Amino acid sequence: MIGLALQGGGSRGAYQIGAYYAFKKAHIHFDAVVGTSIGAFNGSLIASGKEKELLDFWSHVSIGEVLEFDKKYIQKKINKEYDFDYFKLGFKNILSILKSRGIRIDGLKKVLDTYLDEDKLLKGKMDFGICTVRLKDFKPFYVFKENMKKEQIKDYILASCYLPIFHMEKKVDDHYYIDGGFYDNTPVNMLIQKGCEKIYVVELNPLININRKPSKEVEIIKITPKRSLGGVLIFDTKSLVENIKMGYYDTLRVLKKLDGEYYCFKRMPNFFYTLLTRKIPEKEMNRLKGFFNAKTNREVVIQALEYWMKVENTNYYQIYSPYKMIKKIRKEKEKKHFVFKFLQQLKLL
């Protein structure tokens, strides 16, 4: 059995739907998906077979409007207009939150009402589970859909997402709950309990990342963001779309065993890199290895390419051929930087 564990991390969760589409492209099918916080929300739609709707949600959602922030304040924050009106509107929002004893979750409820189909979730072949924490005694609750009543499913998902900044409401069994991330942000043990022998974990690099040690040894493959996903509350929809793309390519890099840390490069054999660097003096190679903290010729070349591509603001969302990139660099005008000089000295033939 193959399982998928989705970490919590607020609006960084857009990254996870990008990752899921990469799994689909690689023809990886999951028997079960579990999640904490936003991972629980994403997991519920994935288990319902509604990944298209989930992609649409993250491509168009305004997190600020879902949380009912002032629209003018949202726009100023997106445009980075930090003027007097911005701070005045921000203060007004804070007063409203204090008056309501937290951010109201009516917008979150509407999102679930719009996107979640409990019948499809319950009837779907993919199992689904969430982690939340009962506030009264700080007791964790790991619950699979088989133990959820249909009318309580949305409450369980909301309970898993409940940050202390939200207006507290009693949920399942008339108790207060808080975000499952305060106890277990990556509930892989739920999947182990179900018999999964291989588990993919899609991480979000959250600020608070409390995880429980796996109860037994299984194959765990982690998909980790290689660049910043931004804050927990991302108001700019363009940034969310960027995170979707990042999730897709970060996942492809792992699944297809591509080279690169930030960019994706087609995997070439070791002799290709030996051939490329054959004319580079040993002293220069050692300098580059120290600069990049690299051990092999492959690592030096790939990191040098990434260094140059960042300087040139090259698009991250493509799978590149090292051969073609080096060929392109050799046509550029000579530059003084030693990394660029190194790349131009590489011998293709």
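Threonine 36 counts as buried because its relative accessibility is 0%, where buried denotes under 20% relative accessible area, exposed over 50% and partly exposed in between (1.4 Å probe, protein chains only). The structure is a predicted model, in which local features need pLDDT of at least 70 and side-chain atom pairs count only at pLDDT 80 or more, whereas totals for chains, interfaces and linings use all residues. Residues are numbered from 1 along each chain as its sequence is written, and side-chain values use heavy atoms, with hydrogens and water left out.

Threonine 36 belongs to strand S2 (residues 32-36), strands (E, at least two residues) and helices (H or I, at least four) being DSSP runs numbered from the N terminus. The side chain of threonine 36 reaches the backbone oxygen of aspartate 184 at 2.9 Å. When residues up to four places away in sequence are not counted, threonine 36 touches Asp184 and, among others, Leu6, Cys131, Ser160 and Pro187, contact meaning heavy atoms within 4.5 Å.

Glycine 13, situated in the loop between strand S1 (2-6) and helix H1 (14-25), likewise counts as buried because its relative accessibility is 0%. With residues up to four places away in sequence left out, glycine 13 touches Ile38, Asn42, Trp58 and Leu204.

For the protein chain as a whole, the secondary structure comprises 16 helices and nine strands, and buried residues make up 50% of the 349 residues. Among contacts with a separation of 6 or more, 70% are accounted for by residues 24 or more positions apart.

The largest pocket holds about 640 Å³ of space. Of the 33 residues that line this pocket, Gly10, Ser37, Cys161, Leu163 and Val232 are the closest to its centre; a pocket is an open set of points on a 1 Å grid over the protein atoms alone, where a 1.4 Å probe fits, with protein on both sides within 12 Å along at least five of seven lines, and lining residues have an atom within 4 Å of a point. Helices H2 (38-47), H3 (51-60), H4 (63-66), H7 (106-115) and H9 (153-161) each supply at least two residues of this lining.

The second largest pocket holds about 300 Å³ of space, and of its 17 lining residues the closest to the centre are Gly230, Gly231, Ile234, Asp236 and Ser239. Helix H11 provides the largest share of this lining, four residues.

Methods
Polar contact = N/O pair within 3.5 Å; in protein donor to acceptor, adjacent residues only side chain to side chain. Points joined across faces, edges and corners; volume = space filled by probe spheres on them.
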